Amino acid sequence: MIYVQLNKEFFENDIHSLVKAFYPSENVSVCTAKKECSEAVSLRIDVEYRVNEVAMRLMSEAEVQALLEQEHGADSALSETRSGSSTKNRYQEIAFTVDYSDRKETRNLLKQNLYDLLSEHAGRTLPWGTLTGVRPTKIPMTMLEEGHTTDEIRDHMKKAYGVSDKKIDLSIEIAKRERELLSRLDYVKGYSLYIGIPFCPSTCLYCSFTSYPVSMWEQRIDEYLDALEKELMYTARLLEERHLNTIYIGGGTPTTLKPYQLERLITAIERNFDFSGLLEFTVEAGRPDSIDKEKLEVLRAHNISRISINPQTMKQETLDLIGRRHTVQQTIDSFYLARSLGFDNINMDLIMGLPQETLEDVRSTMKILGQLQPDSITVHSLALKRAARLQMFQEDYIGLKMINTQAHLDAAADVCLRMGLLPYYLYRQKNMAGNFENVGYAREGKAGIYNVLIMEEKQTIVACGAGSISKRVYSGGRIERCENVKDVASFIERIDEMIERKRKLLED
């Protein structure tokens, strides 16, 4: 494990994220109180906040052992050993002046200096430099809105954050497309609607979303829809003076609903909401094993043409390993079925860095997608969160290799570009394989507006259903949130409380 010792609670999350970016497979512990580690420490970092400066020291496993032999229970390893001749020059150390009154500048200096230490120790740089946030396009987007040139943006991202040329170019290109896409929206009087269906055929190995096996809840889904419709009806009344711009039904897997349940849900949405300002209506079909002709016909009958059919990979052995109980052929058949019924805006999601997948596997998957010709492809880099089974039960999956490199992303991007799909949105997540990013590619006119909105946070998104999170965006950029409970039974029983939370958030 990697152990980070601080003398004060200050920027712990930033430090953890940056260390984890360099060493994604290591457990990283950031502590202010000295503690005994049950695991072997492969790397130790001491950070000491002083009056007008910050001092850092990075030590390898052998240096940690030498230090432990000298410490004899000392409270501050950094101060106690600075004068010790036997450890002199056996570690990397740096100190730099800071102005604590400027929190942003202090954080940037801290991350820049820590980045330099880690980069020297690891013998490599990171494609996104010191940027650890989930929205790297926010920087070029903001600078474009302020009237800065492309060269000024490029120079700032290079000097301030050490971002690679390739990632700078990608983020600027996407920021320009996002601005054009979002120019059609009403930020002041408009809003978007998310509807969560928290059921799946089975739970994937890497998944941390709010979802439950549909077999466990089959007898209560109509009760869930009762509660959901009540929440939707209230939301529509509360926002009747606003313009609804986009709708996204996600999950989970919305097409785990039976045809009559899909019909019921969409009819309720149409009955309660004004579609006159609607630019996009997406239903995430997701799992091929949840799709059939009757369900797709329900969607087409309501003029919904934008759907997702998500293979994640076209390697059968990987699908079996990660718990997706469908075949590669089912994905292909579902795609062609949707095309035959008139769906002209189909997205497909892929994940780079899945267990045991090689670069050749990625190329093989992309070859099949090149034959299918979807209208958009979202290329995700695997990000393991604490709630994922692969993370929670690591001892059950020892020996699984999860590798993601720039070559993997380039292989996917090259095929997307040859298909005429251009990058239009980008975001990052914590613990992402290879410290890379997720990028959405789409044909002209087929980009998912909601996908951009959820990242750029330019417009209020009202979310209904178990586990969903509403975000109200105020003029000036301030954002307030309210969450619905994740548990399905609790959502059903406490629906009036969920509605009251929305009232407090959204009522002027």
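Rings of Phe, Tyr and Trp (its six-membered ring) pair if their centres lie within 6.5 Å. In this predicted model, such ring pairs link F10, F11, Y49 and Y100 into a cluster.

**Aromatic pairs**

A search of the whole structure finds 14 aromatic pairs. One of them, formed by Y194 and Y248, is stacked, with 6.2 Å centre to centre and 15° between the planes. This pair links distant parts of the chain: Y194 belongs to strand β6 (residues 190–197) and Y248 to strand β9 (residues 243–251), 54 residues apart. Both Y194 and Y248 are buried. The rings of F335 and Y336 have their planes at 75° and their centres 5.9 Å apart, so this pair is edge-to-face. F335 is buried, with a relative accessible area of 1%, whereas Y336 is partly exposed, at 44%.

**The chain as a whole**

The protein chain holds 19 helices and 18 strands. Of its 508 residues, 55% are buried. Its accessible surface comes to about 22,600 Å², and carbon and sulfur atoms account for 48% of that surface. Among contacts with a separation of 6 or more, 74% are between residues 24 or more positions apart.

**Helix α14**

Helix α14 covers residues 359–372. At 1.5 Å a residue, its 14 residues should span 20 Å, and the end C-alpha atoms are 20 Å apart, which agrees. The buried residues of α14 are D361, V362, T365, M366, I368, L369 and L372. Seen down the helix axis, these buried residues fall within an arc of 160°, so they line one face of α14. The face turned away from the buried side carries the exposed residues K367 and Q371. What covers the buried residues of α14 includes two helices, α13 (328–340) and α16 (406–418), and two strands, β12 (345–352) and β13 (376–381). Just after α14, Q373 takes a positive phi of about 60°.

**Selected residues**

D375 lies in the loop between α14 and β13. Is D375 buried or exposed? Its relative accessibility is 6%, and because buried means under 20%, D375 counts as buried. The side chains of D375 and R339 are joined by a polar contact of 2.9 Å. The D375 side chain also reaches the backbone nitrogen of N345, at 3.4 Å. Beyond its neighbours within four places in sequence, D375 has contacts that include D344, I346, L421, Y441, A442, R443 and K446.

I307, in strand β11 (residues 306–309), counts as buried at 0% relative accessibility. Leaving aside neighbours within four places in sequence, I307 is in contact with V283, L296, L299, A338, F343, N345, I346 and N347.

G133 is found in the loop between α4 (103–122) and α5 (138–145). G133 is partly exposed, with a relative accessible area of 42%.

| Residue pair | Separation in sequence | C-alpha to C-alpha distance |
|---|---|---|
| G133 and K430 | 297 residues | 8.2 Å |
| I307 and M348 | 41 residues | 8.8 Å |

Conventions:
Residues numbered from 1 in each chain as written. Predicted model: local features only at pLDDT ≥ 70, side-chain atom pairs only at ≥ 80, totals over all residues. Heavy atoms only, no water. Helix = DSSP H or I, 4+ residues; strand = E, 2+ residues; numbered from the N terminus. Expected span 1.5 Å × (residues − 1). Buried < 20%, exposed > 50% of the residue type's maximum accessible area, 1.4 Å probe, protein only. Arc of directions from axis to C-beta. Contact = heavy atoms within 4.5 Å. Polar contact = N/O pair within 3.5 Å; in protein donor to acceptor, adjacent residues only side chain to side chain. Areas by Shrake-Rupley, 256 points an atom, 1.4 Å probe, with all protein chains shown as cover. Phe/Tyr/Trp six-rings, centres within 6.5 Å; stacked < 30°, edge-to-face > 60°.
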